[in-house]
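This report covers the surroundings of a few strands and helices. The sequence and structure come first.

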Amino acid sequence: MFATCPVMPWGPDVNMAVGTNEKGWINLQGYLAQWTLTSLLDVNRTLEYLAYFGYRYVMADHENQLSAIIVTRDKKIDWQKRQTSRNVFQCNVIGCRGAGKTNFLQGLVDRSLDHPLLHPEHLSTYTMNTVQVYGQERYLLLHEIDVELTDELTSDDLDCDVVCLMYDISDPRTFEYCAKMYKQHFEHSNIPSLLVAAKSDLHPVRQDYPLQPAQFCASYKIPPPQTYSSTGRPNKDIYIKLATLAAYPHLKGISHENRSLWLKIGVGAAIAVGCGIVIFKYLRRGQSS
């Protein structure tokens, strides 16, 4: 497939970043996810390889690869309009070293760190897969941000559509960092946040912070902590919630316990998709006749 390319577009970490089959080879869904990931992080590389593949699109007498790339409007406009046409969302997973972030990333692509085909030396700080948000397929990109208890976040660490603040329920020191980072960077921003209580299979301990996680979430009007464990069957609902928060950022501050409101959002999204399908079929029938 890559015989026309001077070098392979990806390194050995690609098998750890997207979905694979039972033999550890990238499947079709993983292949599409990897190109989506590449385009998001380095669009020039994608255009370069499209040229190697011989992709051409003639438009206005100019041959180019730009037709393969969809440029969406600024996220600030999406937030003002309270809707988005994007289907790729980035979630930065922030937490202290050892909190369980790497396992959480691998869970998105249905793996754990004890997977027989996993190679620790090739682990990536990115994973990408598709999730369903009210019946629509969206790409969710997880980016691991590894920090120490005293580290500050950089501007790159804050560049995302939704943030996942992760702490270890068995370590009393880890939640304080999440609380401080939320208050410092995300409380007054448009970026929605979700707290994840990792290693939920272990015995929980009281966190060294005045407010315990559930109290903190209630006080700052963010969704309650979501539990996650890499032992057994991972909680896939967390990834859906992250993608949903990213797709509807204007609803930040509205509790997920408000079931009636989120049900209305889901029904509205489903109606929009249904109308789109009906209109498409109607136009297609008109063209055929």
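## Strand β7

Six of the six residues of β7 (residues 193-198) are buried, so the strand is largely enclosed by the rest of the structure. Buried means under 20% relative accessible area, with exposed over 50% and partly exposed in between (1.4 Å probe, protein chains only). Helices (H or I, at least four residues) and strands (E, at least two) are DSSP runs, numbered from the N terminus. Neither face of β7 is left uncovered: S193, L195 and A197 are buried on one side, and L194, V196 and A198 on the other.

## Basis of the model

The model is predicted: local features need pLDDT of at least 70 and side-chain atom pairs pLDDT 80 or more, while totals for chains, interfaces and linings use all residues. Residues are numbered from 1 along each chain as its sequence is written, and side-chain values use heavy atoms, leaving out hydrogens and water.

## Neighbours of β7

β7 runs parallel to β6 (residues 162-168), and six bridges join them; L165 has L195 of β7 as its bridge partner. β7 also runs parallel to β8 (residues 226-228), through three bridges, and A198 is partnered by Y228 in β8. Strands pair if DSSP finds at least two bridges between them.

Helix α6 (residues 174-186) forms a right-handed β-α-β unit with β6 and β7. Another right-handed unit consists of β7, helix α7 (residues 213-220) and β8. A crossover is right-handed if, with the strands pointing away from the viewer, the path from the first strand over the helix to the second runs clockwise.

## Helix α5

Seven of the eight residues of α5 (residues 101-108) are buried, so this helix is largely enclosed by the rest of the structure. The buried residues include K101, N103 and F104. After α5 comes D110, with a positive phi near 60°.
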